[in-house]
Amino acid sequence: MKKSVQKVGMEQLRSCHGQGTSAEALQDSQISEVVIKKAQAGDLPRILEIYAYAREFMKRTGNPNQWKENAPQKEVLEADIRAGQLYVVRQGNRMTGVFALVIGKDPTYAQIEQGAWISESEYGTLHRVAGDGTVHGLFRRIVLFSEEKIRHLRIDTHADNHIMQHLILKNGFEQCGIIHIADGSERIAYEKVVSVAS
């Protein structure tokens, strides 16, 4: 059921904080305006712009090595679109984010070091998460959307990506150990299993 939601800016968040409405509740109303849909081939130019912004942001915030130039590659994104596993996040008429939700076994998660997975049930993996910096609570909305598809999620990130590490833990994931991606480099791996309410 669609809710009618008033837009909330950051100044409103600050002015209302402590007046009976929490900043988090207002953020919830803001992110509820967001619409997530499967990406189409025509979305690719804007998707590439968002990833370009994300790469520069990561460099500026001390994480220059997670995504090299032109990563993720256009060919990977095109394959994601064909497979129906790349999603775009829109607020109003503007595309503000993009991510892949891949359901099924991820070969890079077959071996985990310095820890263990919580569950071996079927899972979905969040990959290639990026935003253009304009929407607050973007990652939380992506996680909520993904949980509606599958209740068991995994994700990984680079040791230098402290911002993403914070967001992952804030959204209920548990750090499980270290995995290695295809090029052999290490990533911190996380998992979230949402229990079904009785």
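Two strands are said to pair if DSSP finds at least two bridges between them. The close-up views below show a predicted model.

View 1. Strand β3 comprises residues 94-103. Seven of its 10 residues are buried, and the strand is therefore largely enclosed by the rest of the structure. In general, the side chains of a regular strand alternate between the two faces of the sheet.

**View 2. The pairing of β3 with β4.** Strand β4, residues 124-131, runs antiparallel to β3, and six bridges join the two strands. Within this pairing, V98 has A130 of β4 as its bridge partner. L101 likewise faces a residue of β4, standing opposite L126.

View 3. Strand β2 is formed by residues 86-91 and pairs with β3 in the antiparallel sense, over six bridges.

**View 4. The open sheet of seven strands.** The strands follow the order β1-β2-β3-β4-β5-β7-β6, and their pairing is mixed. At the edges stand β1 (35-38) and β6 (174-180), each of which pairs on one side only. On average, neighbouring strands of the sheet are turned by 30° against each other, direction ignored.

**View 5. Helix α5 on the sheet.** Helix α5, residues 138-149, packs on the sheet. The strands touched by the helix are β1, β2, β3, β4, β5 (152-157) and β7 (186-193). The direction of α5 makes about 155° with that of β4.

Key
Residues numbered from 1 in each chain as written. Predicted model: local features only at pLDDT ≥ 70, side-chain atom pairs only at ≥ 80, totals over all residues. Heavy atoms only, no water. Buried < 20%, exposed > 50% of the residue type's maximum accessible area, 1.4 Å probe, protein only. Helix = DSSP H or I, 4+ residues; strand = E, 2+ residues; numbered from the N terminus. Axes fitted to C-alpha atoms, helices over the stretch in contact; angles between N-to-C directions. Contact = heavy atoms within 4.5 Å.
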